[in-house]
Amino acid sequence: MCIYNEIKKLKEEKNAVILAHYYVSDEVQELADYIGDSFYLSKIANDIDAKIIVFCGVSFMGESAAIMNPDKKVLMPDLKADCAMAHMVNLNKINEMKEKYDDLAVVCYINSTAEIKTYSDVCVTSANAVKIVKNLPNKNIFFIPDGNLGRYVAEQVSGKNIILNDGYCPIHAAMTKSDVKKSKAEHPNAKFLVHPECTKDVLDEADYIGSTSGIINFVKQDNCKEYIIGTELGVFYELKKQNPEKIFYALSPELVCADMKFITPEKVLDVLKKETNQITVTEEVRNKAMAPLKNMLMLAK
């Protein structure tokens with residue numbers, strides 16, 4: 001029996017579902033029941049009727065699914081898959097900001113650990129951050145952990161004091177304005193589409209700034225035939241797959257989520273067969289982290 005059929009059989013027997021982020025390989029995406037960005041998958045994990053969730057992504061994604069689904073078993077094909085930015089938060093600074101501002105809202109990018117979520121008022125994704133910050137009654141916002149996304153949100157929202165953290169995505173921050181200029185010179189007819197986790201000087205060069213799902217939807221609706229993609233290669237490959245009539249140029253071959261490239265169909269089969277690599281959170285963490293995640297789903301409607 002081939003690996004795909006074996007996984008399908010096990011899913012049916014165990015009432016399991018496979019969620020895959022856009023950043024995993026095509027061969028892993030082929031196994032998935034649902035493919036999407038962090039926001040889409042967080043909603044799916046909360047809504048689906050399954051006993052087992054196999055989450056093909058990094059640890060914070062699995063933790064979020066485990067927090068919101070205490071009665072489901074959440075398995076990760078690779079427990080080492082992680083997001084460096086998720087750990088770039090200074091807890092002392094969070095407490096300092098809470099003491100300084102009575103009406104402070106701690107707005108936490110979903111790319112963060114379960115522990116950090118417990119210190120937050122609401123979680124956001126790159127797709128809904130602007131909308132949620134606008135909907136908050138608080139004037140003072142401490143945006144964690146990504147300073148680049150926080151800066152982008154601040155530019156879109158007036159009348160609020162948005163305090164930035166010094167965290168960043170190492171992959172998106174590696175893109176430079178000179179990279180963009182060079183690629184634009186090589187492809188003068190292409191539009192530059194970029195993720196808001198990039199630095200401001202890179203965003204200033206963009207024809208469109210948006211989340212993973214935002215970029216994908218933009219291309220579907222746009223009439224241009226060529227695009228330079230300023231985000232991880234998983235999105236670049238997804239765009240090529242969905243739009244074979246269009247031409248895409250990756251800004252850099254280095255834009256790879258290194259941890260997710262080690263997630264393989266073999267690892268998916270192994271955890272599904274043995275039900276190992278389970279993501280667990282304590283009851284205390286779950287109780288504290290549930291509120292900001294639920295607030296995200298409510299405020300993003």
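So, lysine 191: it's partly exposed, with a relative accessible area of 27%. For the cut-offs, buried is under 20% relative accessible area, exposed is over 50%, and partly exposed is in between, using a 1.4 Å probe and protein chains only. Lysine 191 makes a salt bridge with aspartate 222, and the closest N and O atoms are 2.9 Å apart. Lysine 191 sits in strand E9 (residues 191–194) and aspartate 222 in the loop between helix H12 (212–221) and strand E11 (226–230), so this pair ties together parts that are 31 residues apart in sequence. Aspartate 222 counts as buried, at 15% relative accessibility.

Quick housekeeping. This is a predicted model, where local features need pLDDT of at least 70 and side-chain atom pairs count only at pLDDT 80 or more, while totals for chains, interfaces and linings use all residues. Residues are numbered from 1 along each chain as its sequence is written, and side-chain values use heavy atoms, with hydrogens and water left out. Helices (H or I, at least four residues) and strands (E, at least two) are DSSP runs, numbered from the N terminus. A salt bridge here is a side-chain nitrogen of Lys or Arg within 4 Å of a carboxyl oxygen of Asp or Glu.

How many of those does a search of the whole structure find? It's 16 salt bridges. Another one is lysine 11 with aspartate 33, where the closest N and O atoms are 2.9 Å apart. Lysine 11 is in helix H1 (residues 3–14) and aspartate 33 is in the loop between helix H2 (26–29) and strand E2 (34–36), so parts 22 residues apart in sequence get tied together. Lysine 11 is buried at 14%, whereas aspartate 33 is partly exposed at 37%.

Now helix H4, residues 59–68, which holds serine 64. Is serine 64 buried or exposed? Buried, with a relative accessible area of 4%. Leaving aside neighbours within four places in sequence, serine 64 is in contact (heavy atoms within 4.5 Å) with Ile110, Lys117 and Leu293.

Four strands form an open, parallel sheet in the order E6-E5-E7-E8, where pairing takes at least two DSSP bridges between two strands. The edge strands are E6 (122–124) and E8 (161–164), each pairing on one side only.
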